[in-house]
Amino acid sequence: MDIKPIRNDADLQDAFKRLELIFQAEAGTPEFDEMEVLTTLIEVYENKHHPIEVASPLDAIKFRMEQQALSPKDLEACIGPSGRVSEVLNGKRALSLRMIRNLHDGLNIPCESLMSTSPVLSVRSG
């Protein structure tokens with residue numbers, strides 16, 4: 001096992017190449033141990049240098065609409081009348097806690113996504 005720190009993207013690519021070779025290693029083998037260490041190193045490097053931003057509530061709603069081929073009319077059961085749906089989808093209305101609950105329960109959008117802070121939408125009670 002020749003493991004070294006991942007300091008740049010070239011090191012990252014080398015780690016991925018090695019991980020690809022040993023990914024199916026059986027538990028209890030040196031290759032399995034190496035795979036676990038490499039996975040941890042890759043995760044730490046990527047979290048530090050290539051973090052994934054949390055989606056805004058609006059992005060989460062639009063993503064779910066795209067996934068399930070939903071129209072704005074389909075959101076009325078969760079958000080309210082068509083005018084309110086339009087305001088939410090255009091970033092002009094913040095999500096209320098009731099809307100968040102309805103979107104979570106009705107469309108299985110994670111609450112964390114719906115409650116994340118965003119410059120476009122902010123959560124308000126009501």
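## Surface and charge

Accessible areas come from the Shrake-Rupley method with a 1.4 Å probe, and for residues only the protein chains shown count as cover. On that basis the protein chain of this predicted model exposes about 8500 Å². Carbon and sulfur atoms supply 52% of that area.

The protein chain carries 14 positive and 20 negative charges, with mean positions 14 Å apart. Lys and Arg count as positive, Asp and Glu as negative; His and the chain ends are not counted. Each charge is placed at NZ of Lys, CZ of Arg, CG of Asp or CD of Glu.

## Fold and dimensions

The protein chain has seven helices and zero strands. Helices (H or I, at least four residues) and strands (E, at least two) are DSSP runs, numbered from the N terminus. The radius of gyration is 21 Å, well over the 14 Å that the globule rule gives for 126 residues, so the protein chain is more spread out than a compact globule. That radius is taken over C-alpha atoms, and the rule is 2.2 Å times the number of residues to the power 0.38. Along the principal axes, the C-alpha atoms fill a box of roughly 60 × 30 × 25 Å.

## Confidence

Mean pLDDT (the predictor's confidence in each residue, from 0 to 100) is 90 for the protein chain. Of its residues, 92% reach 70 or more. Residues 118–126 have pLDDT below 50. Beyond near neighbours in sequence, this stretch has 27 contacts (heavy atoms within 4.5 Å) in the model.

## Conventions

Residues are numbered from 1 along each chain as its sequence is written. In this predicted model, local features need pLDDT of at least 70, side-chain atom pairs count only at pLDDT 80 or more, and totals for chains, interfaces and linings use all residues, while side-chain values use heavy atoms, with hydrogens and water left out.
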